[in-house]
Amino acid sequence: MAELVATLASTHHPFYFKATTAPPEQQMPQAPEWKRKIEAYRETLTRAQPDILVMIGSDHFHQLFLDNCPQFLIGKAPQYDATFYNEEREFGLPKYMLQGDEDMSRFVHQSLMNQNFDLAFSNELKIDHSIVCPIITMRPQNDLPVVPIYTNIFAPPLHSPRRFYDLGRAIRRAIEAYPSSKKVAAIGTGHLSLELGGPRQFMDTGPDPVFDRQAIEWLRAGDVDAILENVTHESMENSGNATHGFLNFILMLGVAGPQSADYVDSFDLFHTMEAYFTWYPKGQVA
Ligand SMILES: [Fe+2]
């Protein structure tokens, strides 16, 4: 059976690429430290020597709209065109072509259906920066096939934090049941407290630094009970209008299981708190 060798959960920041590749005299003062942190974090994936990446992200209204909006969706394509025009224009992100793994996508899809998760699927998915950003930061050589899974964190009604956690558990089981000798890493990105376009956007800190500190501590400890007790749709809304991206962190804790993280780092980037977690498996899924 396939082996899960690492689970990574982090924020994704579309300006990382631009901030760290601009000529030195044009870089923001935090760029060198940001780059050092990302490269140290990348090493936690490299060390695990994965063969396939299961990548969890969320389409930012690039191709999934309100006319037909799935809660959860899996890509099943042989390859994925990545980066939309506005992401090139606004963030300076490069275009990518990601290799898919149709066989593993098919298996994971069936396994999740068997576990009562009715995922939508797409044979023609185009990938946006929720997955392009972690490719840039974690695997810039883009040499591994991916199985992309999208979650709806933007268009209410959203699934509950518990449902996100349970999906993470189900993804873990699907990976470990996949009949293959491949090593799999699961990588997901989301947000801590975040405000997009609202009155709390681009402040000196993220919109809710108290939540950010608490959330990092919960994830460090793998304390899913505290998360599910305290984090609701309403509490996330109170922490910033895009804080629902924290649901993807909850999903990734589901993949990792309720265990403390093996690697934790964060970076207070004035208007947002960046955070980076890696778990290495310590046992089978209960
Ligand atoms: Fe984003």
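Good morning. I begin with helices α4 and α6, which are oblique to each other; oblique is the class left over when angles under 35 degrees count as roughly parallel, over 145 as roughly antiparallel, and 65 to 115 as roughly perpendicular. This is a predicted model, in which local features need pLDDT of at least 70 and side-chain atom pairs count only at pLDDT 80 or more, while totals for chains, interfaces and linings use all residues. Residues are numbered from 1 along each chain as its sequence is written.

Helix α4 covers residues 102–114 and helix α6 covers residues 161–177. Helices (H or I, at least four residues) and strands (E, at least two) are DSSP runs, numbered from the N terminus. The two helices pack at an angle of about 130°, with their axes 9 Å apart. Axes here are lines fitted to C-alpha atoms, for helices over the stretch in contact, and angles run from 0 to 180 degrees between N-to-C directions. The crossing of α4 and α6 is right-handed, a term used if the near helix is turned clockwise from the far one by less than a right angle, with anticlockwise giving left-handed.

Which residues make this contact? From α4 they are Val108, Ser111 and Leu112, and from α6 they are Ala170, Arg173, Ala174 and Ala177. Two residues are in contact if their C-beta atoms, placed from the backbone, lie within 7 Å. By class, the contact of α4 with α6 has five nonpolar residues, one polar and one charged. In this scheme Ala, Val, Leu, Ile, Met, Phe, Trp, Tyr, Cys and Pro count as nonpolar, Asp, Glu, Lys and Arg as charged, and the others, Gly among them, as polar.

Helix α6 also meets helix α10. Their axes come within 6 Å and cross at roughly 40°, and this crossing too is described as right-handed. On the α6 side, the contributing residues include Pro161, Phe164, Tyr165 and Ile171; on the α10 side they include Leu247, Ile250, Leu251 and Gly254. The contact of α6 with α10 divides into 11 nonpolar, two polar and three charged residues.

Let us stay with α10. Is this helix enclosed or open? Of its 11 residues, 11 are buried, so α10 is largely enclosed by the rest of the structure. A residue is buried if 20 or more other C-beta atoms lie within 10 Å of its own, exposed if 12 or fewer, and partly exposed in between, with C-beta atoms placed from the backbone. The buried residues of α10 include Phe246, Asn248, Met252 and Ala256. Gly254 lies in this helix and counts as buried because it has 25 C-beta neighbours inside 10 Å. Leaving out residues up to four places away in sequence, Gly254 touches Phe164, Tyr165, Asp166, Leu167, Gly168, Arg169 and Arg172. After α10 comes Gly257, whose phi is positive, near 90°.

Apart from neighbours within four places in sequence, Val54 is in contact with Val147, Ile149, Ile171, Ile175, Val184 and Ala186. In soluble globular proteins, nonpolar side chains tend to be buried together.

Finally, some backbone details. Most residues other than glycine have a negative phi, and most peptide bonds are trans. Gln49, in the loop between α2 and β2, has a positive phi of about 50° although it is not a glycine. Gln49 counts as exposed, with 10 C-beta neighbours inside 10 Å. Asn116, in the loop between α4 and β6, likewise has a positive phi, of about 70°, and with 8 C-beta neighbours inside 10 Å it counts as exposed. Where is a cis peptide bond found? One joins Pro156 and Pro157, with omega about 5°, and Pro157 sits in the loop between β7 and α6.

Thank you for your attention.
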